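Here are my notes on the model, as numbered points. Please read them with the structure open.

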Amino acid sequence: MTKKIVFTGGGSAGHVSVNTAIIPEFIKNDWDITYIGSEKGIEKTIIEKEFPNIRYETVSVGKLRRYLSVENLKDPFRVIKGIFDARRILKKTRPDFIFSKGGFVSVPVVLAAKMLKIPIFIHESDYTPGLANKIAMPFASRIFTTFEESNAHLPKEKALYIGAVLRDGIFAGNGEKGKRFCGFTSNKPVLLIMGGSLGAVRINHLITKHLEELLRHYQIIHICGKGNVEESLKQPGYAPFEYVHEELFDLLAAADVVVSRAGSNSIFEFLGLQKPMLLIPLSANASRGDQILNAASFEKQGFCQVIQEENLSFEKFESTLDHLLKESSTYRAKMEQKRPFKTGPEMYQLLLDLMKK
């Protein structure tokens, strides 16, 4: 009898990366896999590129806004249509269970799955649940958490702390290959700057404005988001990219220090690789504040340095990088004591065990 699973989650790369870590294990074990996402979301681009043989289905999506907008009047109808879309797909697919990573697209899928009495497993990456997962959690069989502190805010009988779920390939990166890809030498330390899948305007501007000063001390890999590469700035020692796929693991292996937003999936990958990190979380003005909490948790454990975006200056940025390089062995030692993550195969086995129960 064919084993079937439906994955859902999208809206940002972070809402897809856990799914992409687990999917290969289900492929290896001959599961029939369907991914439910939106028509224009980043999840469609990622899944169709990495897993072209997986069936990708789309549903109507309504954004769950925390602010006043005329679109808020239309979105409930989009969500209702999305529930009917998802119900139709699930009745046709008849999966054994749903694995949801969150994001707006997951809400109609989870609601439809509950109507059809299909078991639902949710993974929450952040310190506190996002709005989509908050809506979905009452209907879940299990809620996997990345931060141990998160369980205090969730139903005890459902919450299960497992840590992050990391892609296997992340530990197979080749630093020398990464340097060759960028045309780098071994004469200067490598600084990897990531602003998330959409880039980070404030961070990008700081780097490009002070590029010449930074290049005196570092070689820089700059993943700056779609449409943000300034061709005129390309030069030896500076490798800007809109987005990287298969090369990312080699670039991470090449990095001596990472500068990043504080999205949960990314920072746990840096932790797994024991990379000293400078985190500049998305401000509370531009988010629900989840990245601030993520960064604070890592800072408390001695894994990173944090600069709040409103306090970001080049002088503070430069001095913090200098500190991280000088004390890199101390940061790595603290990170080495922790293993708060599961690999794809470990997560696959956990899901099977829970389904048997």
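1. A salt bridge here is a side-chain nitrogen of Lys or Arg within 4 Å of a carboxyl oxygen of Asp or Glu. D322 and K326 form one, with 3.0 Å between the closest N and O atoms. Both residues lie in helix α12, 4 residues apart, about one turn of the helix. Helices (H or I, at least four residues) and strands (E, at least two) are DSSP runs, numbered from the N terminus.

2. A word on the basis. This is a predicted model: local features need pLDDT of at least 70, side-chain atom pairs count only at pLDDT 80 or more, and totals for chains, interfaces and linings use all residues. Residues are numbered from 1 along each chain as its sequence is written, and side-chain values use heavy atoms, with hydrogens and water left out.

3. Exposure is given as relative accessible area: buried is under 20%, exposed over 50%, partly exposed in between (1.4 Å probe, protein chains only). D322 is partly exposed because its relative accessibility is 35%. K326 reaches 61%, so K326 counts as exposed.

4. The salt-bridge rule gives a count of 10. K92 and E57 make one of them, their closest N and O atoms 3.1 Å apart. This pair joins distant parts of the chain: K92 sits in helix α3 (residues 71–93) and E57 in strand β3 (residues 55–58), 35 residues apart. Is K92 buried or exposed? K92 is exposed, because its relative accessible area is 53%. E57 has 14% relative accessibility and therefore counts as buried.

5. E309 and R261 also meet in a salt bridge, at 3.0 Å from N to O. The two residues are 48 apart in the chain. E309 is in the loop between β14 (304–306) and α12 (314–326), R261 in the loop between β12 (257–260) and α10 (264–272). Both E309 and R261 are buried.

6. Now look at strand β5 (residues 120–124). Of its 5 residues, 5 are buried. In a regular strand the side chains alternate between the two faces of the sheet. Here both faces are covered: I120, I122 and E124 lie on one side, F121 and H123 on the other.

7. Which strands pair with β5? Strand β4 (residues 97–100) pairs with β5 in the parallel sense over 3 bridges; pairing requires at least two DSSP bridges between the strands. I98 stands opposite I120 in β5. The chain runs from β4 through helix α4 (residues 106–115) to β5, a right-handed β-α-β crossover. Right-handed means that, with the strands pointing away from the viewer, the path from the first strand over the helix to the second runs clockwise.

8. Strand β6 (residues 142–145) also pairs with β5 in the parallel sense, over 4 bridges. E124 stands opposite T145 in β6. With helix α5 (residues 131–136), β5 and β6 make a right-handed β-α-β unit.

9. A nonpolar core is a set of buried Ala, Val, Leu, Ile, Met, Phe, Trp, Tyr and Cys residues joined through side-chain atoms within 4.5 Å. The largest has 59 residues, and those with the most contacts inside it include I220, M277, F298 and F317. Strand β9 (residues 190–194) gives the most to this core, with 5 residues.

10. F317 has contacts (heavy atoms within 4.5 Å) with residues including L206, L214, V259 and I307, not counting those up to four places away in sequence. A second, separate core has 29 residues, among them A13, I22, Y56 and L351.
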